[in-house]
Amino acid sequence: VGLDKMIVDDVGDVTVTNDGATILKLLEVEHPAARVLVELAQLQDEEVGDGTTSVVIIAAELLKAADELVKQKIHPTSIIAGYKLACKEACRYIQNNLTISTDDLGKDCIVAAARTTMSSKVISVDSEFFGQMVVDAAMAVRVSDGKGGYKYPIKAVNILKAHGRSARESVLIDGYALNCTIASHAMKKKVIGAKIACLDFSLQKEKMKLGIQILLSDPTKLEAIRQREADITKERVQKILKAGANVVLTTGGIDDLCLKYFVEADAIAVRRCKKVDLKRIAKATGATLLTTLCNLEGEEVFEVSSLGEAAEVTQERICDDELILIKRPAARSAASIILRGPNDFYCDEMERSIHDALCVVRRVMESNSVVVGGGAVEAALSVYLENFATTLSSREQLAIAAFAESLLVIPSTLVINAARDATELVPKLRSFHHSSQVKAEHEKLKYYGLDLMEGTVRDNREAGVFEPGISKIKQLKFATEAAITILRIDDMIRLDPEQKEESHYQKARQQGML
Amino acid sequence: MMGGGQPVIVLNQNTRRESGRKVQLQNINAGKMIADVIRTCLGPRSMLKMLMDPMGGIVMTSDGNAILREITVQHPAAKHMIEIARTQDEEVGDGTTSVVILAGEMLAVAEQFLDAKMHPIIIIQAYRQALEDALELLNSDEFSMKVDLDDEQKMVEVIRSCVGTKFLGQYGDMACRIAMEAVKIITVETGNTVEIDVKKWARIEKIPGGRIEDCCVLDGLMFNKDVTHPSMRRRIEKPRLILVDCPLEYKKGESQTNVEITGETDFSKMLELEEEHVRAQCADIIALKPDLVITEKGVSDLAQHFLSKANISVIRRVKKSDNNRISRASGATIINRTEELKEEDVGTGVGLFEIKKIGDEYFTFLTGCTNPKACTLLLRGPSKDLLNEVERNLHDALFVARNMRLSPAVVAGGGAIEMALSHALQEKAKSVSGIKQWPYTALAQALEVIPRTLAQNCGGNIIRLLTSLRAKHAAGEKTFGVNGETGELCDMKELRIWEPLAVKQQVYKTAVETAVMLLRIDDIVSGSKKMKEESGAGAMPTDESMMQ
């Protein structure tokens, strides 16, 4: 239930977001130590995709705790050693005791995990709707990695934004949506049983490369060259059409003179597609992205095998724009999400949220394990580490205890952001976890986490609040590493910009020394 | 950060950061401000705004989107509000003023809850829930009603209520007729999908002069061009039409070709060749015996000569989009290579080709098309600024007509539907549990802003009117609203004011979602990257010193 930040840059562009990494990227942080934290968020974003805010909060809290310890004249190296040990223990404990296999929970938990990440975002109210959508999208782009497992290349999920309508009317398309329009209005708007050719060259009048000149001695040949220029392209188009293509997508342009042939052959031609889009379309439909029609013999041919197939290609009007939709491609399923919202800022933020959710879904499905969210893991770890600390008699004990204390920042921040009483809820949560770890019969209590809507503590396993285990582990590891990096520093030397030199020079010149 | 003694500079010092309640209140105020700007533009008694742009141009309009587009705002939240007017315009075309006023009001009613330290998330949840309920109610038969598309009377009524609030209101009948006709022309039904692309196929052409009553829809097209040569025919009945998008003149090849001339005769031979090429092109065209050739590119004098000798009129440098429309209206195919001309490519759908002189300029008319599918709306009026406003009004009317065809359902206008929804939601609010009930009720009350503004704009007694309106709705009379002309209470059924359901739905969705987005913000960070200027200034003197 976090709130958003609005960031205005010098040009006046507005970004509204609550994604930690995005906020920090847009803030121009100058302090070198603070930069470490910003990079930390970015790292988490790249690795896991979610939990960017948490990682920064934990790291900052660890530093705060370390500061206290340093004031008590504990050497930073002891703190570092303690933090490292604590982090290791914590990760081990998460893996052994707190993770739940998705097989035990059934399919619903994946949707639940997606919903959990979205609960803090702008689309929280529609999280059920989007959760399902995200999971469907991730399933659609699933590819086997050949070892019995699956990979989820979430980048293959194409997210398009169009303002208008409401968030609820966002749609998931089984296929690929392309933000282009057909080259000529005379073409059909819909092709069923499409055979798709993906070209990476222009269908324009053939033109010699720059610097190549043709010298003629017979002026009558000039006309022939002109004629030939037009014919080369015409032949190419006809070769492509003869191979059976009825949808031609190209990254380059298509001259008006070629359009007629496409129209006559009842084919759709689309010009100026993005190359990334075409690559994905080629993959999904089984087409080959051709950069030239030449074969090894130096002749120009268009192989039927390089055509891709899809059930349907249509052009649809969404908002004020038109989109090409390639539905149900043959080789591999693809997914595109078209987001709708009241304005562009809203759509941008939705895209970020959907991206986070996709990352989470991927992590959950790849690792097949989840942990309980809502501060449950942090509370459990905190209790566990405190007990663990007391078993050590060395100086690290203090550091580990501080680590344990710091972890509580997550549940307490959650509670405060939800406008509840942190002093009441966090101890309650801790006590639940303590009894779960001490008494065997209360084992179930370890799944207890916060219910921020009602402001109570509940069994979050039942409630379906899940996060990918890997995200939590990475968060702890990254946060600890970052804290350690900063703790190691005891001296800062700032190199002043070289302008000083120049002013010396100027001064000297003014004084007439030069 | 680390709790050191002296302050640690973390952020760039040029950034300004504001957070907490102040930001929330600021956002709300920004929203209200924008709503206030166009508040007087709602309803039949709306006023025009005159806007001057930095270049000195004048825009006169009562269209919400057009106004907001022109004003430049600083506050980021205000930018949000402006964006939604655009969204509304692009999605449904009408209701741009209502959406901004409504969003502003929804923000305003949230203020009291923020003051009462209610968490924004709770307000948001309540808003979203209310929106869901409202949309559900809107779709039910009690609030909306289906319209028979063939019932022209009803369609005209709907368009009239849209146009009625605008400048064109005085010419309501004419505007309705124009919009209806235009949409009917460009509608293409393929199987079960209906395609109506107003932007592409209905062109609005403005010619200052004449009276507004002279505006009309052509069953064909018109564009601002004349034949290339005065001796060509200016009036042809049932012309055979050829469209080309290549130049009718000699064009060099794309590749760089150099010719080395050795013999003296070679040069004249080359020129001859060029001539020959043009002659061949013209021969291809003449072979099909057209009466009219229209090209997107240029026509050389030589080609003109050949064609005019064959009694063919030529029009050159027509816009691509115009050419597409002509192609659609006449059934001709646009040809790029004259060698490939075929009999089928000739368009015969046009009834009359005529060039008329209006004012100081010549205009080509292609009218009497048998199956137009594309049309030009010819607007006349005293001044350019006025015509621009008429165009915007008609654009709205066209969109309304289009929406009606796509989703034929209407709700009662004149604030009646808002009042009815507000009443129904307030009833529903009683079953909402917890503190959510407050914002839920507030949202319902916020809907009343539409009838209230209507009443305000026509100078009615707001309090008396609204209370009696509320009483009517409580008694179950769902179609009672404000008569925007007189400021009296009346039944919208009798007054025949209807609005398309699609527009209203979009208004509520956009307004609520924008309000939600703005309420979620608790921090604004602005201004950065100012450092460059300083370093630039520092570098300047050295450059100068180098010069010396």
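Which residue of strand 16 of chain B does B:Glu237 stand opposite? In this predicted model, B:Glu237 faces B:Leu352 of that strand, and the legends below begin with the sheet to which the pair belongs.

**View 1. An open sheet of four strands in chain B, with a helix lying across part of it.** The strands follow one another in the order 9-17-16-10, and their pairing is antiparallel. Strand 9 (221–223) and strand 10 (235–237) of chain B are the edge strands, each of them pairing on one side only, and from one strand to the next the twist averages 25°. Strand 10 of chain B is joined by three bridges to strand 16 of chain B (residues 352–358), the two running antiparallel; within this part of the sheet, B:Glu237 is placed opposite B:Leu352. Helix 11 of chain B (residues 320–330) lies across strand 9 and strand 17 (361–367) of chain B, and its direction is at about 155° to that of strand 9 of chain B.

**View 2. The packing of helix 5 against helix 18 in chain B.** The axis of helix 5 (residues 120–139) of chain B and that of helix 18 (residues 501–519) of chain B come within 9 Å of each other and cross at roughly 175°. Because of this crossing angle, helix 5 of chain B is roughly antiparallel to helix 18 of chain B. Helix 5 of chain B contributes to the contact through residues including B:Ile123, B:Ile124, B:Tyr127, B:Arg128 and B:Leu131, while among those of helix 18 of chain B are B:Tyr508, B:Lys509, B:Val512, B:Glu513 and B:Val516. Sorted by class, the residues in the contact of helix 5 of chain B with helix 18 of chain B are 13 nonpolar, two polar and three charged.

**View 3. A hairpin in chain B, formed by strand 2 and strand 3.** Strand 2 (residues 49–52) of chain B pairs with strand 3 (residues 58–61) of chain B in the antiparallel sense, over four bridges. One pair to look for is B:Leu51 with its bridge partner B:Val59 in strand 3 of chain B. Five residues stand between the two strands of the hairpin, and B:Gly56, which lies in the turn, has a positive phi of about 95°.

View 4. On the side of chain B, 86 residues are in contact with 84 residues of chain A. Between them the two chains bury about 7,800 Å², of which 52% is on carbon and sulfur atoms. Nine salt bridges are found across the interface of chain B and chain A, whereas a search of the whole structure, over all chains, gives 55.

**View 5. An open sheet of three strands in chain A, and the helix that lies across two of its strands.** The order of the strands is 3-16-19, and the pairing is antiparallel; the edges are strand 3 (100–101) and strand 19 (466–468) of chain A, each pairing on one side only. Two bridges hold the antiparallel pairing of strand 3 of chain A with strand 16 (residues 369–372) of chain A, and A:Ser101 has A:Ser369 as its bridge partner in strand 16 of chain A. Helix 17 (residues 469–487) of chain A lies across strand 16 and strand 19 of chain A, running at about 65° to strand 19 of chain A.

**View 6. Antiparallel strand pairs of chain A, traced from strand 8 to strand 13 and from strand 13 to strand 14.** Strand 8 (residues 190–199) of chain A is joined to strand 13 (residues 308–318) of chain A by six bridges, and A:Lys190 stands opposite A:Thr314 of strand 13 of chain A. Strand 13 of chain A is joined in turn to strand 14 (residues 321–329) of chain A by eight bridges, where A:Thr314 has A:Leu325 as its bridge partner. Strand 14 of chain A also pairs with strand 7 of chain A, in the antiparallel sense and over four bridges, and here A:Leu178 is partnered by A:Ile324.

Note on methods
Residues are numbered from 1 along each chain as its sequence is written. Chains are lettered from A and ligands numbered from 1 in the order in which they are written. This is a predicted model: local features need pLDDT of at least 70, side-chain atom pairs count only at pLDDT 80 or more; totals for chains, interfaces and linings use all residues. Side-chain values use heavy atoms; hydrogens and water are left out. Two strands pair if DSSP finds at least two bridges between them. Axes are lines fitted to C-alpha atoms, for helices over the stretch in contact, and angles run from 0 to 180 degrees between N-to-C directions. Contact means heavy atoms within 4.5 Å. Angles under 35 degrees count as roughly parallel, over 145 as roughly antiparallel, 65 to 115 as roughly perpendicular and the rest as oblique. Ala, Val, Leu, Ile, Met, Phe, Trp, Tyr, Cys and Pro count as nonpolar, Asp, Glu, Lys and Arg as charged, and the others, Gly among them, as polar. Buried area is the accessible area (1.4 Å probe) that two parts lose on being put together, summed over both. A salt bridge is a side-chain nitrogen of Lys or Arg within 4 Å of a carboxyl oxygen of Asp or Glu.
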